[in-house]
Amino acid sequence: MTRKVLTYQAPAQLYRSDSLFYREYADCLHIVATNSLKTGLGESMKMGRWITAPIITFSELFSELAGVNWSSSKAQLKQFLTLSDIQSELWRENPAGNRLVVQSIERNQLQVLKTLRMVTELDLSPTDFSARKGQLTESETVFLELWNRMLSVLQHNSRDLRYFIRGKKDVTNTITMALNKWGAELFTEKKKGPARTMLLHKRRISNLLEENWSHSIQNSITKKKLILHGFYFITPIQEKVLKRLEDEFELVFLNSYDFRFPNTFETVKTFLGIGRNETYRVVDDYVAIHPLAARLIESLEGESQIKVNQKVEVYNDLSHFVESEKARYVATAVNGNDDMVEEPYHILTPRSGDIEKHLIANEFIEPSKKRLTDYPIGRFLYRLHQMKSRETDIVQGTEFYNELVTAETLLDIFSSGCLIHKGEDLRRYVKSLEKVIPYCKKATTFDAWIENIGNLIKEKKSLEKIIQKTNKHALSSRAHLFHSMPMRQLSYFYVATKDLEKLIEGILLLKRMNEALFGKWDKKRSISSHFKTLEEIVLKNVEDFFENDEKEIILNLVEEIGEVEDEEIEFSLKDISKGLLFFLDGSLNETGEIESVSDKVSALDHADGAPFRINRKFHLAFADHKALPVSQGYNLWPISRDTLAKLQEKTPELHLFEERKKQSNSISRYLLYLLFHSSDDVRFSFAKHVGNESRLELALYLKLLNCESIQMGRPAKDIETGKKEISENIDVKDAGWTLSMEREAKVCGKRASFSFILNEHTSFQSDFHHRFLYQNFIGTLPRLVDRNVIAQKELRDLVDSWFPQWNDMKRDFLYESAYKNRNSKPQRIKLNGQKYSQAISYLHLLPTSYAHRDGSEVENEDVVLHKAIPGKHCRYCPYLSICNDGIYTKDFEDEPKAISKNGTIEEQITQYATQRKSPMRRLKETRSKFIENDTSFSLESYLTSKNLEIIDNRSKEGCLWVVGGKELEPIFNELKNKNIFFRFASNGGKATNRKKAWFLNENKQN
């Protein structure tokens, strides 16, 4: 048989009744390169069934040809466990004389398994390395030994595939059986909930109908022609399979192509053999090219005179992008009407792998295909198998496994809802666990955690007993607790004793589970027996505590466990544990094909399906110069390039790896062309900071379009409709608040709401705050607690005991630099006849000289609950991480700097000259200077009358900004006569989103 190539410029050419494809190939089996293209074709079928044959991805077909013994994730799990077992043998035997190499193989075990599977699929064997004997690297030598020991397993699992590749199976019969099995799975599987929805979607985009799917498959095979759609590059294993199919079928490659622009379509020409194979256009006429696509192509091929009116949205970082996109989605939903709802943009990005976790964490998207670890039960099982750390002796070849119970592990387990103690879900104690973590920082074993929390309980009870001797009201109310127990400002002393006891019970339960599963760590057992233990001690106990999707996941997991048949092959628990970690997090996937990030966000590779989508509104996001072009490299580690070149003598298909890498630029250009040419509307954007990468710029491909860059502002945070309005001004004394509580409310009403409405009182959890608390305990405890409770000579030892997470050196340093005697106001706070010192305010880290707010100013403020008063003092607030009004220190790093005539920095205006003045005082002083010069003059009114855009951040320790360029200079020259000076900043500041602006230079006023 032969290979032919059919080309089209737009999908509409394929639909036409006079097209070559529609007339001769519409009823031939349609094999597509990617799932994204299949999804696009499935959408296009809603407008008319222009393809009458089944549609299957190459990945789906390959899985059926290879069989479940090779393709399923369970089969890969067994291979992973076998590889782990062999690696342990090599570690002990050390055949290469260098255990560091074995160690590197172990640390990259998943990649090594992928390489082993790939060379097996290509029908290579260890003997093919014989020509390189003596020239292999150390890593390759160890890899070769691994391969030899694992060869029987790999060959047994891949028998169906190897027989097909080698020609030992009839092609037509094998393809027919594979397709019938694929179709049967689509129509015989019984699913519920989201799984059923996904199954129905697969049926629809596969172009199969329940009443005649078998006949449709059979009819498409009898044509003896296979349509291969969208193969703009071909992998070695694809080429192997295609050569075998070519024995009995005519292969017809169908792809977008334009002969006028060979450079853009170079990858298509190279891989499909345009010029070598017979090539036909589906229709003879040309279609109009989208201006964006035309501009891109012409710019890359030479010069372009086409002008496009296209803007590029510039974001500061990923969170800025998410905020703006969420606001856009909300606006679309609000402004849309029932008759015409605006379609959202499909977001495609070359950075899908970098941003996926962040987008999911920010609740912007949900993953398109959830892994087991995306569900609480999967996360619980994942963490359960992660509680051992391995230590090795490279010289002796020994290994030790120790318990590794981290705070992150416990938090995941407690929050999963799968830790049930005597019918109680221990999720309710997650907050208590978070508060206790600093005290248990050094704990890494179950016993250490239990001992530390037990010590904390003893310490709490001891202090409460002593304090109650001199203060009978100490534990009677939250106000008394607040003042009588100063150590409760530390988060772990804040936790109730009964909650601490619950934490111990939960950790003990977890310890018993761990012993049941891994008590005999060095013994071997079968996978099925390990799974049965999991089912008995975990899954059956939590089944009734979940509903709907979660319960369905657990039932499916129990069913899958029951289906595991491993012929009683036994593995060590350490290997089973390691393998299950990859199984649960989806690393051992069934097809190996990259999934889309979500329905809203996809990788740029998914642009191949764009021309066939119904909604062709696209947003090319995070398109910076480091993201494009997308790398098309391959990884066959630890096989070197020299060895790979030698292997090509037997397996010439291997050169396709290197060819794909060489075509990286062409592939990116091709995908951008498809995206631009097919779009009804397209947006571009990039972020200046992504992850650890900074100072990112627009990708060169988009610069060629000569787009206008627009710096995006932060969306306004409007109060949601339906929220209950809360009276701001309240009399806190009527609410039982003490003077110290009232002072905290005056500093920031929102902080007070967190402290005294959502919690009993303030408490600090971070190490940053604990350092200040330690020093303030040293200086204030004699004033806060009766001397009969804490003697002066015992003070240091007692405070040290409250911080067991630190070493002696840190405690000594903090003690030596602490103020030993903090002064406080003489006025005492009275509660039920008990008097308390106002020195407690030092433990709240309220504004003092180091907190950048003046105390006298705070005293005169009204209490306005729920209203944030942000500033530099935010760093001392325990709720900064959850307050969306809070200001971080980094937010002050971009204040404008005044430059002297010789180009040196004279001063950093707001950073140094005004740092000792509070925001409100600065604002009052500025206004008073204006009044002294002209009592009738108002700067704000003057600027407003000139229709200028004003941003006044002086109350937040910022600047008074006026947005605009040099054209505003005459206005500010007039103000000099009134002793008011503005300075020009060409790049503006954060407040102006980097737009050109003028800021008020307060230092220059007399």
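**Entry 1: β16 and its sheet**

I began with strand β16 (residues 617-620), which is joined to strand β17 (residues 681-687) by four bridges, the two running parallel. In β17, Asp681 is the bridge partner of Lys617. For the record, I take helices (H or I, at least four residues) and strands (E, at least two) as DSSP runs, numbered from the N terminus. Two strands pair if DSSP finds at least two bridges between them.

The model is predicted, so I kept its limits in view: local features need pLDDT of at least 70, side-chain atom pairs count only at pLDDT 80 or more, and totals for chains, interfaces and linings use all residues. Residues are numbered from 1 along each chain as its sequence is written, and side-chain values use heavy atoms, with hydrogens and water left out.

Next I looked up the sheet itself. It is open, with six strands in the order β15-β8-β16-β17-β7-β18 and parallel pairing. β15 (601-603) and β18 (708-711) are the edge strands, each pairing on one side only. On average, neighbouring strands of this sheet are turned by 30 degrees against each other, direction ignored. Axes here are lines fitted to C-alpha atoms, for helices over the stretch in contact, and angles run from 0 to 180 degrees between N-to-C directions.

**Entry 2: helix α31**

I then checked α31 against helix α16 (residues 291-301). Their axes come within 8 Å and cross at roughly 155 degrees. α16 and α31 are therefore roughly antiparallel to each other. The cut-offs: angles under 35 degrees count as roughly parallel, over 145 as roughly antiparallel, 65 to 115 as roughly perpendicular and the rest as oblique.

I listed the residues in contact (heavy atoms within 4.5 Å). From α16 they are Leu292, Ala293, Leu296, Ile297 and Leu300; from α31 they are Arg669, Leu672, Tyr673, Phe676 and His677. I sorted them into eight nonpolar, one polar and one charged. In this sorting, Ala, Val, Leu, Ile, Met, Phe, Trp, Tyr, Cys and Pro count as nonpolar, Asp, Glu, Lys and Arg as charged, and the others, Gly among them, as polar.

**Entry 3: the antiparallel sheet**

I moved on to another open sheet. Four strands stand in the order β23-β24-β26-β25, with antiparallel pairing. Its edge strands, β23 (949-952) and β25 (982-985), each pair on one side only. Neighbouring strands are turned by 25 degrees against each other on average, direction ignored. β23 and strand β24 (residues 960-963) pair over four bridges. Asp952 has Leu960 in β24 as its bridge partner.

**Entry 4: strand β4**

How many residues of strand β4 (residues 225-229) are buried? I counted four of its five. Buried means under 20% relative accessible area, exposed over 50%, partly exposed in between (1.4 Å probe, protein chains only).

I followed its pairings. Strand β2 (residues 29-32) is joined to β4 by four bridges and runs parallel to it. There Leu29 stands opposite Leu226. With strand β5 (residues 250-256), β4 pairs in the parallel sense over five bridges. Ile227 of that pairing stands opposite Val252 in β5.

**Entry 5: helix α18**

I looked at burial in helix α18 (residues 352-361). Ser352, Ile355 and Leu359 are its buried residues. Seen down the axis of α18, these fall within an arc of 80 degrees, so they line one face of the helix. The arc is that of the directions from the helix axis to the C-beta atoms. Gly353, Lys357 and Ala361 are exposed on the other side. Just after α18, Glu363 takes a positive phi of about 55 degrees.

**Entry 6: two single residues**

I found Phe129 in the loop between α8 (109-121) and α9 (138-157). Phe129 counts as buried, at 1% relative accessibility. Beyond neighbours within four places in sequence, Phe129 is in contact with residues including Leu144, Trp147, Ile639 and Leu647. The C-alpha atoms of Phe129 and Leu144 are separated by 8.1 Å, at 15 residues apart along the chain.

Thr497 lies in helix α25 (residues 497-518). Thr497 is buried, with a relative accessible area of 17%.

**Entry 7: totals**

Of its 1006 residues, 53% are buried.
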